[in-house]
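Please look through the structure shown here.

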Amino acid sequence: MFFDELKIPKPAYNLGISSKSHGAMTGRMIEEIESILIKEKPDYVLVYGDTNSTLAGALAAAKLQIKVAHVEAGLRSFNKKMPEEINRILTDNISNLLFVLQSLLC
C-alpha cells in the first residue's frame, strides 16, 4: 500500500526478516545483504539511520571490502543501553564517508 500510495517503485529486494531478537535479525540481514552485494557488485553501499538493517548493511559491505557511506552519521545519545546508539557507533566506525545531518535550533 505504501508504494502504491506514494507512486514509487517497489524495492528490487525484500529480505522478509521480522519479529526476531536484535541479534537474530541482524545476523539474518547480514547473510541476505551479503548475497545481494555479491550479485550486484556496488562501488558503495549507502546506509541511513541507526536501525539493525543499517548496521547489517554496513557490516556486510565492509566484510566484502565495499565502501560504506552513512547518512545521519554522528547523531549521538551517548546512552549505550539503547540498541540504536550501538548501531550508530559501529556503523560510523566502519564507514568510509559520513554524512551528518545538522538541525538548526531557533
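At what angle do helix α3 and helix α4 pack, and how far apart are their axes? Helix α3 (residues 52-63) and helix α4 (residues 83-94) pack at about 25°, and their axes are 9 Å apart. This is a predicted model, in which local features need pLDDT of at least 70 and side-chain atom pairs count only at pLDDT 80 or more, while totals for chains, interfaces and linings use all residues. Residues are numbered from 1 along each chain as its sequence is written, and side-chain values use heavy atoms, with hydrogens and water left out.

Angles run from 0 to 180 degrees between N-to-C directions, and those under 35 degrees count as roughly parallel. α3 and α4 are therefore roughly parallel to each other. On the α3 side, the contact (heavy atoms within 4.5 Å) is made by N52, T54, L55, A58, L59 and A62. On the α4 side, N87, L90, T91 and I94 take part. By class, this contact has 6 nonpolar, 4 polar and no charged residues.

The other feature is the largest pocket, with a volume of about 230 Å³. A pocket is an open set of points on a 1 Å grid where a 1.4 Å probe fits, with protein on both sides within 12 Å along at least five of seven lines; lining residues have an atom within 4 Å of a point. The lining of the largest pocket includes L15, I33, P42 and G57. Two or more lining residues come from each of α2 (22-40) and β1 (44-48). β1 gives the most, with 5 residues. The lining has 10 nonpolar, 1 polar and no charged residues.

Terms used: Helices (H or I, at least four residues) and strands (E, at least two) are DSSP runs, numbered from the N terminus. Angles under 35 degrees count as roughly parallel, over 145 as roughly antiparallel, 65 to 115 as roughly perpendicular and the rest as oblique. Ala, Val, Leu, Ile, Met, Phe, Trp, Tyr, Cys and Pro count as nonpolar, Asp, Glu, Lys and Arg as charged, and the others, Gly among them, as polar. Grid points are joined across faces, edges and corners, and a volume is the space filled by probe spheres set on the points.
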